[in-house]
Amino acid sequence: MKRRLPLLLFASALALGQPLLPEFTVTLLNYVGLCALVAVGLVLLTGVGGLTSFGQAAFVGIGAYASAYLTTVHHVSPWGTLIAGMAVTTAVALFLGFITLRLSGHFLPLGTISWGISLYFLFGNLEDLGGHTGIGGIPPIDLFGWELKSGRTLYYVIWAVLLAAIVTSENMLDSRDGRAMRSLRSPVMSKAMGIDTTWYQAVIFMIAAQLACVSGWLYAHLQRFVNPTPFSLAQGIEYLFMAVVGGIANVWGAVFGAGIVILLQHWLQNWLPALVGKTANLEAVAFGLIMVVVLHRAREGFWPLLLRLLPKGRAIRSIEPAEPLPRRPLPPRGSVVLEVKNVTKRYGGLVANNRMNLTVKAGEVLALIGPNGAGKSTIFNCISGIDPPSHGQIRFLGKRVEGLDSPAIARLGLSRTFQHVRLNPAMTVLENVAIGAHLRGHKNFLQSAWRLDRDEERRLLAEAAHQAQRHGLAGQMFEPAGSLPLGTQRIVEIARALASDPSLLLLDEPAAGLRHREKQALAQLLGQLRSEGLAILLVEHDVEFVMGLADRVVVMDFGERLAEGLPEEIQTNPKVLEAYLGAAQ
Amino acid sequence: MDTQIALLLVQDGITNGAIYALNALALVLVFAVTRVVFIPMGEYVAYGALTLASLQAGNVPPTLWLLVVLGSLVALLDSIAAWRRGDARSIARILALNALMPALCAGAAYAVEPGKLAQPLQVLLTLAFVVPLGPLIYRLAFEPVAEASVLLLLIVAVAVHLVMLGLGLFFFGAEGMRTRAFTAGALKIGGFSIQFQALWILGIALALIIGLALFFERSFYGKALRATAMNRVGARLVGIPTEMAGKLTFAVAALIGTLCGVLISPITTVYYDTGFLVGLKGFVGAIIGALVSYPGAALGALLVGVLESFSSFFASAFKEVIVFTMIIPVLLWRSLRTRAAAEDES
């Protein structure tokens, strides 16, 4: 409750202050609230998910026009039109999402530009929707027999909806699904942890669209009149503007940005003509100039600046005890877990892997070594489904997996780390590790928005904390992962991989950047995991580390298997020595 | 519809399409080199057209004052920076380039009677007034945040668009203007006539495209821009300054935009806000043409032009709807063909 104190204060100030405010201020605040609702959606979409949309104004338009048309022509109640508007929004968002989300990053913004423009011209040219003159005579919202006729009464509804959207968004971001959404900017890592990135992109796109639609619905019943102008591309760009100026990384930035932009425009409209003469019409110029300066000075927007001025609240630094998560049964020791058979990977004419073969058994550490460029990381990517092989078979726990994508393979019980560390630098170590446990939770974003996921969340975080402590990260659990030294970040990756409770662990150069003591600790930990029955496949350059730990060693060169055997055999194998040191002439 | 009308529509479409193609090329270029989604592209079109129109009306175009102000600002900032570096010798060059040149332009505009000049000279003056706004605006608005995210650069571009649009209204008023055709009249072939201005547009567009191709293939600076587009850090390591690449790119984009404005103003009335839609249609062309391939972008833009002229004949109210919805099937097709992209954002 203590955490929510600023919010409660803000909400009560808004509620109690309303009767004291002049009419005009209430009107301004209503618009701030409506815009902030759209901007909250953009924070989720753009700030969290890394997707950019210019078309939010068009979703606002759908909400507004659906209500305007159905209430005036078909006399549907405003509550019915809200559902209708959201249904249309759902259909449009699903379609747009389907065609753009699978493409690379630049297509969503460009797709939404086009759709924003066409919808605007469509509103303006359809006779049924009143053309450019619009639709008037929209009835007020009826709340349990109480007609919300004035801006003063709708004020409560608008701000209640906005605050609800903010609280539920914050709840959602602070959960299993939220962590998945915050990882969308690194899809390779997310997918390897079993996160269905397309699903989460679609979810946040849908949430942003629905928030915009609700804002439009409220707008229509506040104005009681709609025309196409407020739903143009220019307005769509302005919403994005508000979110960026306020601070795109935080939902409160949306409110702040909407407030700044609307108030600034209002003041400029009031004061500028007095300063430079009435005919000049220079508000847009002044506004743009101020914005350029602001963006140069505060790239992260205003909200982080404001936070710096406020006293820092103490973050929660304790882990509540919880019942451990269920574990998957490990295959019997000595049984084959992974079998790679004749795998070939081609990139155009380049053969990165040529008819590679290897097997890993439960309770065994298999080391894959070879000179740089031998194709070790390529085979890792083939096995974990990031980049499927061109030919050959891969069996994991008896199942063919070479055609599966990486979330599906992760679900079967394979987890991995990356040669180039892929952590979310802004998240804490604990949260990063908890991403690994993604597949062990099942509550969805709606449940987490309303805090119905807390039991499961406690168990997930307890598991993450357990893995972090086991890897000697107990002291750094609440530090941002990006602040740790590179070697420690690798350890965080291993803890994250283990949080998924895998049967097979793929480690890509886990010891690189570690000091001697840390390497010893890591070797000891991996030895312990082996004795628990885990299968481990690792790529490593540190020969001492490999020879001390591995049960068997496979040597690769030029994409092919050069040798395989016990560590001591490999160390004396002439072919291996030649590959590493060159032929003795 | 008979063949006569169809041919007329095709002619119209290709003429407009050529303009969109030039815009598309400039947009792709700017994005590739600087990562800026160049929303203010259309403002250069409008400034070009309206500056030429006010020269032809015998006025000193107000864009000149923008040039002088921005030039002095850049001269001041760069001189201070050079002084702080202890590089006092380059101050003379900075002043000459940023303050003296605009002043000379202003002097020229007052020394001659612009309304009585020959048309090619008026066009040259227009280019001299508007094109330097490209690198100047890059220096002031984008260079300080050149390393920021694509999103921030985009928002800065939007702010610059608002400023330039507002200034356009302030400078030229809300009324549209036209300019004289380069060559009046039409070429008659059989029963069919082609306006000379349309030929001018196609000819200059083609020349510009070939010129750009040569610039990028042959010239040192063109190669430097391509290197920057492919790998910014790598280009800097071999000694290509990002700032130079940015300014040069913006100069090329401003040149293309201004020329487009000069070319279309005899056939359509240009308003201060006409450019935005022209630029956006360039975007649509660029998307259709895959955003990465220059010939693809140009072909896409031609398609947009033709589609636009036919839809304005059959369903003129829905012209924009049709043009902008056209990219949906294109995106759909690309989406169905592409395996889900899984590269991390840089």
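Let us start with the interface: 43 residues of chain A and 41 residues of chain B are in contact, a contact being a pair of residues whose C-beta atoms, placed from the backbone, lie within 7 Å. This is a predicted model, in which local features need pLDDT of at least 70 and side-chain atom pairs count only at pLDDT 80 or more, while totals for chains, interfaces and linings use all residues. Residues are numbered from 1 along each chain as its sequence is written, and chains are lettered from A and ligands numbered from 1 in the order in which they are written.

On the side of chain B that touches chain A, two or more residues come from each of helix 7 (150-172), helix 12 (274-288), helix 14 (319-325) and helix 15 (327-337) of chain B. Helices (H or I, at least four residues) and strands (E, at least two) are DSSP runs, numbered from the N terminus. Helix 7 of chain B gives the largest share, 14 residues.

I turn now to a sheet in chain A. This open sheet has 6 strands in the order 10-11-12-7-13-14, with mixed pairing; two strands pair if DSSP finds at least two bridges between them. Its edge strands, each pairing on one side only, are strand 10 (414-416) and strand 14 (560-565) of chain A.

Within the sheet, strand 7 (residues 365-369) and strand 13 (residues 552-557) of chain A run parallel and are joined by 4 bridges. A:Ala367 has A:Val553, in strand 13 of chain A, as its bridge partner.

Finally, helix 23 (residues 574-581) of chain A packs on the sheet, where it touches strand 13 and strand 14 of chain A.

Note on methods:
Two residues are in contact if their C-beta atoms, placed from the backbone, lie within 7 Å. Axes are lines fitted to C-alpha atoms, for helices over the stretch in contact, and angles run from 0 to 180 degrees between N-to-C directions.
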